[in-house]
Amino acid sequence: MAPNRTRFGSLAHFEKGGVEVIKDDARNYVFSNLFEVASKARPYEKVAVGKNIEYVIEAIRAEGTSGWRVACQDEFALVMDGEVEVRLLKPDDGSLVPAGGKGSIPLSGSPPGRKMGHVRARRGHMTLLPAGAAYQFHAGSPSVILLQTLAGRDTVERWAEICQTAPRPKPNSKEVTR
Amino acid sequence: MTTDTLPELGSIEPNPHGYRDFTLGKFSFGRDEYFVHVRWPNGTHMLAVDAFLRAIQRDVAWGFFYGIVNFDTVIGTVNHYGTVDLFAGRFNAQYRQAGLDYSENFKTDAISRLFEAILADWTNATFDPFASPAETGSAFGPKNGSNKRAITRHRVTAKRMIGAPGDEPVRTDDNGFPINRQFTDVTQDAPEVHAEPGFEDQVVSVNLFAYLSRSDVTWNPSVVSVCKNSLYCPTTEEYILPIIHGNDRVEWFVQLSDEIQWEVEDRDTGAVRARVTMKAGDVAAMPADIRHRGFSPKRSMLLVWENASPELPALYAAGKMPPAPVQF
């Protein structure tokens, strides 16, 4: 093995660390693994893996084609595994984007508007989802997106299911190969 | 009370090792070939000079960061966002019990000028405080030139996103950022960006991992994307975090590559609370009442996620927010 090989995670192979409690509660660290979360999620389910007041980071399993969404603030999609096409569209109806809204909202069908372009993004690529632009994801095979956004109505919070709660990491969570 | 006079930046004459002495308020700083000597009205302390220079380099570069920057278990700073406390023993239970702790408040500009002057005089030509130990020469010995280029690097603070028009550029060979020796296997491919006419400024994508693979510094979070007050501040880490960061708010870590172990202690007493091992894809919060120090055996990519809302320190300090970000 090359001594300096860089180790990334993926849906197919990830290793988990964990919290070793000395005098604390493991839940304070809200410890999870985004690949594990995405591996158990439905396509395009927006599962929060981090939350800081109104802000969240969401682990999203990209698989097939998502619905269109829009937000009134910039969001950022970082591909952590696989390949994702990001399609961007400027809606004709500006009222689709509620001023002061938090997070993104789903749009029904394909909103009429002008095509802005698209991005084909692979692991490590970060794409701007501009405020007021509708966007849709497409992935030919299961992929993972980490989304920087605000908590919205479709943000899923299931911390007790995804986070370590015991004082030591589970022995069988050290390494997962699919 | 804030000491708002600008500091006497140092002695005119160098000491026998070639270095100037510095004072700020009732603190004084001197160095010899190996150590920094800090003095305050009721105590003294020694730090290894390489560790001290690495610590104040981060403190200056980060604008004193969010909360507390402990240089070690005795000396450090507290950011009040406009003024800064310089302290000795304040977050050390034994020093406090012995009555040996001391703290003095300065305007941010004054303490910045002091630390910048110390860095300029005490950083020898062979030493780069931002580099990993494997990538720099020695900090020790008698005065041996200076290294202004190393201590005055530009800090990346994207307004919207790196690579966006008019914003911070991505890193390339041509602008002086070759791929780091420990990331030569990181794919450098660019995303395929297809912008329709008129939307070139809005359709933006960059290879963040390639960008990080070209970082020439360690343990230096810099802003790459901005979602209101939500800031992505990724950084590349190797060896040991040169400071012990005491939180004044919750921050989050996403391990993008490789592995870091974090020692977590009580922020105010230093009592050990937990060890957190993070591997690629792991996500963890650092609560608002802890301090932490990271250990990265191989150069790794870490996404530090911050909430820059200015009201947070007061809310946490007043107990109006729980120190952990999520209750479940």
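This is a predicted model: local features need pLDDT of at least 70, side-chain atom pairs count only at pLDDT 80 or more; totals for chains, interfaces and linings use all residues.
**Exercise 1. Chain A overall**

*Solution.* Residues are numbered from 1 along each chain as its sequence is written, while chains are lettered from A and ligands numbered from 1 in the order in which they are written.

Step 1. List the elements. Chain A has two helices and 14 strands (DSSP runs numbered from the N terminus: helices are H or I, at least four residues; strands are E, at least two).

Step 2. Check the overall form. Chain A has a radius of gyration of 18 Å, close to the 16 Å from the globule rule for 178 residues, so it is as compact as a globular protein of that length. (The radius is taken over C-alpha atoms; the rule is 2.2 Å times the number of residues to the power 0.38.)

**Exercise 2. The contact between chains**

*Solution.* 

Step 1. Chain A gives 61 residues and chain B gives 60 residues.

Step 2. Strand β10 (residues 113-122) of chain A gives the most to the chain A side, with eight residues.

Step 3. Look for pairing across the chains. β10(A) runs antiparallel to strand β10 (residues 192-195) of chain B, joined by four bridges. (Two strands pair if DSSP finds at least two bridges between them.)

Step 4. Find a facing pair: Gly117(A) is opposite Ala195(B) in β10(B).

**Exercise 3. A sheet in chain B**

*Solution.* 

Step 1. The four strands follow the order β2-β3-β4-β5 (chain B), paired antiparallel.

Step 2. Find the edges. β2 (22-24) and β5 (43-48) of chain B each have a single partner strand, so one side of each lacks a neighbour in the sheet.

Step 3. Inspect one pair. Three bridges link β2(B) to strand β3 (residues 27-31) of chain B in the antiparallel sense. Leu24(B) is opposite Phe27(B) in β3(B).

Step 4. Helix α1 (residues 49-61) of chain B lies across β3, β4 (35-40) and β5 of chain B, at about 95° to β5(B). Helix α3 (residues 108-122) of chain B lies across β2 and β3 of chain B, at about 170° to β2(B). (Axes are lines fitted to C-alpha atoms, for helices over the stretch in contact; angles run from 0 to 180 degrees between N-to-C directions.)

Conventions. Two residues are in contact if their C-beta atoms, placed from the backbone, lie within 7 Å.
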